[in-house]
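Biologist: Please take me through the contacts and pockets of this model, giving the cut-offs behind each term as we reach it.

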Amino acid sequence: MFSSLSYTFSSNLNSDNTRVISVQGDPDPYVVPTESTKLKLPNKLSIGLGVGEARKWLVGANMTFQGDGQLANYYNAAENVRYESYSKYALGGYYLPNYSSFTSYMSRITYRAGLKYEKIGLIVNNESIKDIGMSLGAGIPIPGSFSNVNLGIEFGKRGTTSADLVQENYVNFSVSFSFNDKWFVKSKYQ
């Protein structure tokens, strides 16, 4: 069993703004003086819990909460846009049939799956924008080494078609490598 807890304190961000207006080829652009803005980045809390057996299986959950802060300024202000608290709930895990199998290559593949529900902290036309997704993946061992090729696919839906908004249905593919071999071992014999 494992657990994690992470907290990030709120902080202030000062922004010195400059607006430059020019026409292509104009050697003297017009500089418009603008006010400095102060943004408040919100605090953030993340909690994770999991249970499993090493090199066999794991099921874990993660919850993240973040305040709404004070992010609006002159450059991103709109009448129909507001900010709210961010939250994310994720559940996932993996299963590895037989880590040390010499006879079955398929038994050494790590199978992964996950679900997420995310309230991204943005309200447009009085509709809270959400992101819901599911992911599947596999860690495929490279023969003759302890390294893996990791393949993944994520299906999801972000946004809504309510209140004249846009809904994005997406599919993401990922490929990565985990190098677990000893790369720099000095030879004992020359």
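Biologist: What is the relative accessible area of E168?

Modeller: This is a predicted model, in which local features need pLDDT of at least 70 and side-chain atom pairs count only at pLDDT 80 or more, whereas totals for chains, interfaces and linings use all residues. Residues are numbered from 1 along each chain as its sequence is written, and side-chain values use heavy atoms, with hydrogens and water left out. Buried means under 20% relative accessible area, exposed over 50% and partly exposed in between, with a 1.4 Å probe and protein chains only. E168 counts as partly exposed because its relative accessible area is 38%.

Biologist: How far apart are the closest N and O atoms of R158 and E168?

Modeller: A salt bridge here is a side-chain nitrogen of Lys or Arg within 4 Å of a carboxyl oxygen of Asp or Glu, and the structure holds 6 salt bridges. R158 and E168 form one of them, with their closest N and O atoms apart by 2.7 Å.

Biologist: Which strands do R158 and E168 lie in?

Modeller: Strands are DSSP runs (E, at least two residues), numbered from the N terminus, as are helices (H or I, at least four). The R158 and E168 pair ties together parts that are 10 residues apart in sequence, because the two residues lie, respectively, in strand β12 and in strand β13 (residues 167-178).

Biologist: Is D131, which meets R158 in a salt bridge, buried or exposed?

Modeller: The side chains of R158 and D131 meet at 3.1 Å, N to O. Since R158 lies in strand β12 and D131 in strand β11 (residues 127-141), this pair ties together parts that are 27 residues apart in sequence. R158 is partly exposed at 30% relative accessibility, whereas D131, at 2%, counts as buried.

Biologist: Which residues are linked in a network of salt bridges?

Modeller: E154 also forms a salt bridge with K116, at 3.3 Å between the closest N and O atoms. That pair links distant parts of the chain, with E154 in strand β12 (residues 148-159) and K116 in strand β10 (residues 110-124), 38 residues apart. K116 counts as buried at 17% relative accessibility. The network of salt bridges links K116, E118, D131, E154, R158 and E168.

Biologist: What is the angle between the ring planes of Y7 and F9?

Modeller: Rings of Phe, Tyr and Trp (its six-membered ring) pair if their centres lie within 6.5 Å, and planes under 30 degrees apart count as stacked, over 60 as edge-to-face and the rest as tilted. The structure holds 3 aromatic pairs. Y7 and F9 form an edge-to-face pair, because their ring centres are 4.9 Å apart and their planes stand at 85°.

Biologist: How many residues apart in sequence are the parts that F65 and Y89 tie together?

Modeller: F65 and Y89 form an edge-to-face aromatic pair, with 5.7 Å from centre to centre and 75° between the planes. F65 lies in strand β7 (residues 57-66) and Y89 in strand β9 (residues 86-95), so the parts tied together are apart in sequence by 24 residues.

Biologist: What is the volume of the largest pocket?

Modeller: On a 1 Å grid over the protein atoms alone, a pocket is an open set of points where a 1.4 Å probe fits, with protein on both sides within 12 Å along at least five of seven lines, and lining residues have an atom within 4 Å of a point. Grid points are joined across faces, edges and corners, and a volume is the space filled by probe spheres set on the points. For the largest pocket, this volume is about 460 Å³.

Biologist: Which residues are the closest to the centre of the largest pocket?

Modeller: Ala, Val, Leu, Ile, Met, Phe, Trp, Tyr, Cys and Pro count as nonpolar, Asp, Glu, Lys and Arg as charged, and the others, Gly among them, as polar. The lining of the largest pocket divides into 7 nonpolar, 9 polar and 3 charged residues. Of the 19 lining residues, the closest to its centre are Y99, R108, P141, F146 and N148.

Biologist: Which element gives the largest share of the lining of the second largest pocket?

Modeller: The second largest pocket has a volume of about 220 Å³, and of the 21 residues that line it, the closest to its centre are G60, A90, L91, G92 and L115. The largest share of that lining, 6 residues, comes from β9.

Biologist: Which residue stands opposite N62?

Modeller: Two strands pair if DSSP finds at least two bridges between them. The antiparallel strands β7 and β9 are joined by 10 bridges. In β9, the residue opposite N62 is A90.
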